[in-house]
Amino acid sequence: MCPVCGDTVSGYHYGLLTCESCKGFFKRTVQNNKSYTCSESQDCRIDKTQRKRCPFCRFQKCLRVGMRLEAVRADRMRGGRNRFGPMYKRHRALKQQKNALLQSHGLKAEYTPDLISPPTRTPFNFTNININTTPSDTITSDLHTQTHSGYSFYQNEPRHESPQYYHVSPLGALYSPVHAMAVIGDCSGIPGIPQAQCSGSFSAQGPALPHLLVEFLRCELDELQVRSKIIGRLEQMQGEGGSGGYGATHMYLMVDQMLFYIVEWARGSVFFKELKVSDQMKLLHHCWCELLVLDMVSRQLQHGRQGSLVLVTGQEVDLPALVSPAGPLLRTLVQKGQDLVESFRKLQVDRNEVVCFKFLILFNTDVKHVENQSFVENVKEQVHRALLEYTLCAYPQFLDKFDKLLLCWSDLCALSTLAEEYLCSKDICGEVPCNNLLNELLHAKHHSM
DNA sequence: ATAGCCTTGATT
DNA sequence: AATCAAGGCTAT
C-alpha cells in the first residue's frame with residue numbers, strides 16, 4: 001500500500017514505494033514549484049478517495065513519509081538510474097529478510113491495511129476516576145527541519161551529462177519530519193527515511209522510526225508529570241486517611257495510582273481508543289498487571305541499581321530490607337523481578353521496544369469475548385511488524401533480538417501472574433484498601449474466569 | 001489537475 | 001538484453 005494514500009504501490013518512486021498517482025502528484029508539485037494552501041487545519045486525512053481534496057496536505061504527507069525532493073530531476077532528464085538504486089536494492093533485501101522472519105513467527109508477509117478509523121468518543125466508567133487529573137499527552141519526539149540545499153545527488157562528481165537534481169520547494173521549509181531520540185544503529189539506505197536522519201555517520205539523532213512506533217511514542221504520558229501527580233495524590237491521601245509512613249498500604253495506594261495512569265494511557269492511545277468501551281475494559285482487565293510489571297521493570301532499567309527498587313514516586317526501596325520480613329511469595333516475586341530486569345538489561349531493551357511491548361500486551365488476542373476480535377488481531381500483527389522492523393533497523397548486528405524480546409515477554413507474563421496472585425492474596429486478607437481501581441481490577445479478572 | 005500508460009536510458 | 005525508476009503524454 002502507498003504510504004501516502006493507501007492505493008496500490010507501483011514501484012519505488014522518489015525514495016520509497018508509492019502508488020502511481022502520488023508519484024505523479026509529487027513530480028508535478030516539485031517540477032512546477034507549486035504551492036498549495038489548506039482550507040482546513042492542515043491535517044486532512046489522505047486516502048485513495050480523498051487524496052484530490054487537499055493537495056497541501058497530500059504534499060505534506062508525501063514529505064512526511066519520506067519522498068525525496070532531490071529525486072526530482074532539475075534537468076528533466078529521462079531514464080537511467082539515480083543513486084537510490086542501491087538503496088532500493090538494500091530495502092528489497094531487508095524486506096525479504098523481514099518477511100522470512102515474520103513467516104517464521106506465523107505472520108502473513110503481506111501488509112495489512114491501516115486500521116486507524118474515525119475516532120469515537122465514549123464515556124468510560126472505571127471506579128475511582130478522578131476527573132481533575134488528566135495528564136496531557138507529551139510529544140516525545142523532536143521536530144526538525146530538513147535542509148535540501150547544496151547536495152549533490154550523485155555519488156561521483158556530477159558530470160555535465162548527468163541530470164542535475166533539484167530542488168528547494170517553497171513547501172520544503174514546512175517539512176518537519178518527526179525524529180526519535182536516542183536510537184542506536186544505522187538505517188542508512190532504508191527508503192522512506194530521509195537522508196539527514198539516516199546517514200549513520202554521526203547520528204546523535206538516530207534513524208527514523210517505523211511510522212507506528214512514532215504514533216506509539218506520541219501516546220506516552222509524561223513521566224515527570226505522572227510522578228508529581230502521584231506524589232501529590234499520595235500526600236493528599238495520607239493527610240486524609242491518617243495511615244502515614246511507608247507501609248504496605250502506601251504501596252497499594254501507589255500501585256492503585258500507577259494503574260490509574262496505565263488506564264489513562266491506554267484510553268488515550270492510538271487504536272485502543274477506537275475500541276468500544278466494553279472491549280477496552282475486557283482488554284485492560286486482562287493485562288493491567290502485565291503493564292504494571294513492565295512499567296516497574298522498565299523503570300529499573302532507566303534508573304535502578306541492583307539491590308534496590310525505584311518506584312514511580314522516585315523513592316528508592318532497599319530490596320534486602322523489603323524481602324527479609326516478607327513471605328515466600330513476595331520473595332520469589334522480587335527474585336523473579338530482579339531476574340527479569342537483568343535479562344532486559346542484558347538484551348539492551350530500549351525505550352522504543354518497551355513502548356511496543358506495551359501495545360503487544362494491551363492487544364492480547366487471547367482475551368475472550370472481545371467483540372472486535374479481528375481489530376485486536378490486526379493491531380497485534382502491526383505491532384509485531386513494527387517491533388521487528390525497529391529491532392532489525394536499530395540493532396542490525398543483533399538479528400535475533402526480536403526473538404529474544406518475545407522470550408522476555410513470556411517471562412514477564414509469568415511474573416505478572418505471580419504478582420497478581422500475590423495482590424489477590426493480600427486483597428483477600430483485607431490488606432488492600434477498598435474502593436479503588438486495584439480492587440476493581442483484581443475482582444474483574446476473577447468474575448470473568 | 002489527475003492518474004494511468006508510455007518512453008527513456010544507466011545500471012546490472 | 002532485461003530491469004525499472006525517472007520523465008512524458010493524454011483522456012478524463
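Modeller: The expected span of a helix is 1.5 Å times one less than its number of residues. Helices (H or I, at least four residues) and strands (E, at least two) are DSSP runs, numbered from the N terminus. This is a predicted model, where local features need pLDDT of at least 70 and side-chain atom pairs count only at pLDDT 80 or more, while totals for chains, interfaces and linings use all residues. Residues are numbered from 1 along each chain as its sequence is written, chains are lettered from A and ligands numbered from 1 in the order in which they are written, and side-chain values use heavy atoms, without hydrogens and water.

Biologist: How far apart are the end C-alpha atoms of helix H8 (residues 277–302)?

Modeller: H8 has 26 residues. A straight helix would reach 38 Å at 1.5 Å a residue. The ends of H8 fall short of that, at only 33 Å.

Biologist: At which residue does H8 bend?

Modeller: A bend is the angle between axes fitted to the seven residues ending at a residue and the seven starting there. In H8 that angle is about 55 degrees, at Cys287.

Biologist: How many of the 26 residues of H8 are buried?

Modeller: Buried means under 20% relative accessible area (1.4 Å probe, protein chains only). H8 is largely enclosed by the rest of the structure, because its buried residues number 19.

Biologist: Now the DNA. Which residues come nearest to DNA strand C?

Modeller: A residue is near a strand if one of its heavy atoms lies within 4 Å of it. There are 18 residues around DNA strand C. Those that come nearest are Tyr14, Lys27, Arg73, Arg81 and Tyr88.

Biologist: How far is a base nitrogen of DNA strand C from a polar side-chain atom of Lys27?

Modeller: A polar contact is a pair of N or O atoms within 3.5 Å. Tyr14 has a side-chain N or O atom 2.2 Å from a phosphate oxygen of DNA strand C. For Lys27 and the base nitrogen, the distance is 2.7 Å.

Biologist: Which element gives the largest share of the surface near DNA strand B?

Modeller: Glu20, Ser21, Phe25 and Arg28 are among the residues that surround DNA strand B. The largest share, four residues, comes from H1.

Biologist: How many residues of the surface near DNA strand B are charged?

Modeller: Asp, Glu, Lys and Arg count as charged. The surface near DNA strand B has one nonpolar residue and three polar ones. Its charged residues number eight.

Definitions and conventions: Polar contact = N/O pair within 3.5 Å; in protein donor to acceptor, adjacent residues only side chain to side chain. Buried < 20%, exposed > 50% of the residue type's maximum accessible area, 1.4 Å probe, protein only.
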